[in-house]
Amino acid sequence: MVEELERLATQTGLLARLGFAEPTRAAELLDAVDAAGLAPSPELLTDLGQAADPDLALRALHRLLQTGDTLPTLATVLQTDPSARRRLALVLGASSALGDHLAAHPMSWTALCTPSDRAPTWLARRLALLDAIAKPDGDRESALVSAYRDALLDIAARDLAGEADVVQVGAELADLAAATLEAALALARAEVGPQADRCKLAVIGMGKCGGRELNYVSDIDVVFVAEPVGETGDDEALRVATRLAGALIRLCAPIWQVDAALRPEGKSGPLVRTLASHLAYYQRWAKTWEFQALLKARPVAGDLELGRAYVAAVTPLVWQAADREHFVEDVQAMRRRVEENIPEKLAGREIKLGRGGLRDVEFAVQLLQLVHGRTDESLRSPHTLTALRALAAGGYVGRADARDLDEAYRFLRTLEHRLQLFRLRRTHSLPTDDTELRRLGRALGFRRDPVGELQAAYAKCTHLVRRLHEKLFYRPLLSAVARLGEDDARLAPQAAVRRLAALGYADPQAALRHIEALTAGVSRRAAIQRTLLPVLLGWFADAPDPDAGLLAFRRLSDALGDTPWYLRFLRDEGAAAQHLARILATSRYAVDLLARAPESVAMLADSPGEGPYQLRPRRGEELRAELLAAVRRHDDPTVAVDVARGLRRRELFRIACADILGLLDVTAVGEALTDITEAILDAVLDVVSRAMPQQARLVRLAVIGMGRLGGREQGYGSDADVLFVHEPLPGTDDAPAAAAAHEIANELRRLLARPAPEPPVEVDADLRPEGRQGPLTRSLESFLTYYERWSEIWEAQALLKARVVAGDRELGERFISAIDPIRFPAGGIDAAAAREIRRIKARVEKERLPRGTDPALHTKLGRGGLADIEWTAQFLQLQHAHRIPTLRTTSTLGALHAAAQAQVIDPADASTLADAWQLVTKVRNALVLVRGRPTDTIPTVLRDLVGVARLVGYAASQPGDFLDLYRRVTRRARAVVERVFYP
């Protein structure tokens with residue numbers, strides 16, 4: 001008794017280690033198996049332990065051995081054929097339904113003995129099923145079901161044993177379904193009798209059956225096509241064909257449902273149509289989803305010649321579907337509707353229809369096929385993974401993305417197969433019960449923690465699929481390509497020239513040469529360019545200068561084309577390609593910045609819901625920290641400053657792109673440009689101080705921003721107007737300190753303006769006392785002495801913009817406090833000072849406006865231009881800031897707002913001036929963006945005028961409307977200036 005207990009304990013421990021959930025019960029069953037005549041060898045136990053559910057496998061084996069006549073032969077095979085033994089164990093442990101089938105049909109286990117290299121062909125399956133129903137005795141319908149299960153047993157065994165991958169399994173299941181449909185049609189013809197010969201009937205496989213990627217339990221989607229034979233009329237032929245189709249559906253019902261709902265008009269339409277009737281429907285009334293469904297159409301049973309004629313007739317319609325209006329949007333909307341209809345309790349568990357499920361892969365692949373397959377026949381495969389490989393090979397999908405999708409799709413398909421195989425029921429939802437999850441996890445090869453590993457793998461897979469689905473399925477490029485005509489999408493030379501001319505390219509032949517250079521050859525780079533260019537050409541044409549845009553794109557592609565990320569980025573990153581096209585064909589300024597560092601194009605990366613998030617201007621503190629850290633890594637001051645200027649160029653490109661794309665208003669642009677100027681002044685001052693340690697030990701230096709820099713209103717063409725204020729350090733005499741400060745300030749200006757590939761920063765100190773004739777830097781005391789004794793009213797006006805921007809902050813703030821009485825004089829300015837300001841302003845208007853310039857179109861000195869508005873705001877500050885603290889601001893808009901609040905100007909007049917200032921400033925920035933260099937006059941050249949108008953918000957066809965607006969706004973502003981500044 002003790003020995004028996006010890007044996008049982010040892011055996012149960014072994015069984016537990018092998019994966020049996022109920023080792024004690026398993027030990028008892030093994031004794032029963034042994035008593036039945038099959039010794040439980042270690043090999044048998046190992047094979048049972050490899051099953052998804054070892055306990056289920058052992059119970060099913062015990063049932064099978066109790067069926068009498070099978071025992072001797074089965075026992076022998078299990079002892080001598082390792083392959084058959086392993087297959088049997090794996091099938092019995094994965095599928096209770098197939099275990100029941102074997103118990104009911106004991107001799108069917110012989111299907112497991114097929115050599116792995118001799119998988120039955122579709123024809124063999126067909127003949128086997130036809131042979132099964134041809135026997136004169138017995139129930140033919142039951143024979144069909146039994147023969148189908150035997151074939152399914154063979155497929156499942158090789159699937160579970162790893163002898164066929166998921167693609168092969170899907171193909172074999174589809175072939176088995178086709179053979180079953182053929183056999184059922186034979187039975188149907190026998191039922192109908194001689195009348196069946198009056199028609200030809202073809203069964204067209206759709207969906208997964210048509211694509212040869214069927215799962216174990218699925219509806220078999222079909223379409224029926226019939227034609228009369230001989231002199232039979234259409235009506236009679238359709239009547240007979242409908243009887244045949246109905247009988248076929250009924251005969252297959254015990255195996256799976258034959259679903260003909262994909263036929264024209266769906267369930268409301270006739271079950272069977274002639275080929276002509278099908279075509280008439282698809283040509284007139286078919287919806288977008290019906291063409292998507294036809295992508296998988298394949299003749300699977302019945303009259304195959306008729307079936308092939310059907311496919312040949314509808315195929316051209318499939319590849320014209322993307323030409324339909326809103327095609328891409330319709331497909332996307334259909335996918336969203338499918339998701340919305342998933343019950344909440346199944347969210348996260350729906351393998352087929354849920355987020356990150358099989359449909360996400362299939363819809364993405366099919367949409368790409370339908371859009372790009374119009375011109376690329378290599379994409380026209382009904383099989384998902386074959387089409388995905390073709391999309392990757394053609395450059396329409398990134399190779400890494402295609403590889404990830406392929407692996408994910410195989411995992412999800414295998415998961416679906418294992419899930420359905422258990423009970424042979426149509427299900428696509430992950431179970432919630434841990435026992436079922438354990439069996440499912442083990443069926444997929446997870447052994448350490450089947451439940452946890454399965455859930456983690458599924459979550460990771462669905463997250464990956466959803467990310468790639470959204471990346472591919474919703475990319476703007478798809479909608480743009482779908483809107484192209486077939487000739488346009490192919491980029492054929494003659495069609496390209498015609499299209500380029502029609503789109504507005506000034507030199508279509510030159511543009512064609514660029515296109516040919518970009519798309520020549522068979523490289524992957526050329527393939528992706530052939531996908532991008534048809535769309536980019538239209539986007540360039542939507543911008544002011546398409547020829548310049550295409551040329552810039554070619555240069556950019558030449559610079560970056562060999563990098564692994566560039567073309568992939570344009571193809572995959574949301575609206576990046578569209579943004580780039582607009583920038584290249586709009587702004588010579590941005591193109592010049594990009595030419596120096598083409599990799600900056602990566603800033604255009606798009607994020608769902610956020611747009612091009614990298615184009616948001618960075619905060620001043622961040623820029624200062626980055627530039628200081630960058631320059632301190634270099635001992636050579638020239639190298640350090642070049643690095644700082646390179647970082648500034650990157651930020652200028654960021655700001656320019658955001659401006660062109662309408663992401664920043666004019667105030668934000670001015671502030672962002674000011675921040676980068678302040679940051680580089682601080683960084684280069686640090687460089688010079690480290691390069692001149694002797695001078696830096698003698699003096700403190702502050703940089704005071706003036707003009708547009710002080711007002712945080714810089715434009716793309718603005719200089720950095722500054723004053724340099726110094727103070728000797730303790731123990732240093734004034735003269736050495738002044739000389740040291742001069743050397744530092746002069747070197748700062750030299751390094752920032754030095755000829756170099758990066759854009760210069762012109763540091764202008766001409767607003768200092770005595771202008772260019774005076775010393776470059778002064779001490780705080782010297783500044784105050786000058787302002788108290790000799791300064792003129794215009795200098796007090798200039799000081800209204802003074803603000804500390806770099807260097808010694810404490811010294812700078814003392815300077816600002818010291819000049820407040822000068823720029824905000826007690827009691828305001830007297831009448832003489834007011835007259836002097838008006839006299840200077842009138843002289844500026846008269847003498848500085850370029851000869852021959854239309855005053856109405858000069859943004860700085862023209863009527864209602866920046867000078868008019870800013871002098872008026874500053875005039876109010878000089879008059880009233882001594883008593884109105886809110887007027888003590890360096891901002892033009894801030895001053896106007898404060899003046900209106902304080903009722904020193906009519907709020908309506910202030911609003912008129914503010915609106916004009918914003919418009920004129922935006923136009924002035926647009927002039928630099930379009931022309932690539934600073935200019936103050938609105939151009940008369942149509943191309944440049946259109947570019948400026950577009951940046952201000954007008955369409956290409958509305959430059960006249962833009963000019964009307966500009967004249968109207970500035971005319972109103974001038975009227976206010978006449979009332980307020982020239983009363």
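## Crossing of α32 and α43

In this predicted model, α32 passes α43 in a left-handed crossing (the near helix is turned anticlockwise from the far one by less than a right angle). Helix α32 covers residues 637–660 and helix α43 residues 907–931. Their axes come within 12 Å and cross at roughly 115 degrees. Axes are lines fitted to C-alpha atoms over the stretch in contact, with angles from 0 to 180 degrees between N-to-C directions.

A656, D659 and I660 of α32 meet K922, N925 and L929 of α43, with contact meaning heavy atoms within 4.5 Å. These residues divide into 3 nonpolar, 1 polar and 2 charged.

## Helix α19

Helix α19 runs over residues 399–421. Helices are DSSP runs of H or I, at least four residues; strands are runs of E, at least two. At 1.5 Å a residue, its 23 residues should span 33 Å, and the end C-alpha atoms are 33 Å apart, which agrees. The expected span is 1.5 Å times one less than the number of residues.

Most of α19 is covered: 17 of its 23 residues are buried (under 20% relative accessible area; exposed is over 50%, partly exposed in between; 1.4 Å probe, protein chains only).

## Positive phi in two loops

R212 lies in the loop between α11 (207–210) and β2 (220–228). R212 is not a glycine, yet its phi is about 55 degrees. R212 is partly exposed at 32%.

E770 sits between β8 (763–764) and β9 (777–779). Its phi is near 70 degrees. E770 is partly exposed at 45%.

## Basis

Residues are numbered from 1 along each chain as its sequence is written, and side-chain values use heavy atoms, without hydrogens or water. The model is predicted: local features need pLDDT of at least 70, side-chain atom pairs count only at pLDDT 80 or more, and totals for chains, interfaces and linings use all residues.

Terms used
Ala, Val, Leu, Ile, Met, Phe, Trp, Tyr, Cys and Pro count as nonpolar, Asp, Glu, Lys and Arg as charged, and the others, Gly among them, as polar.
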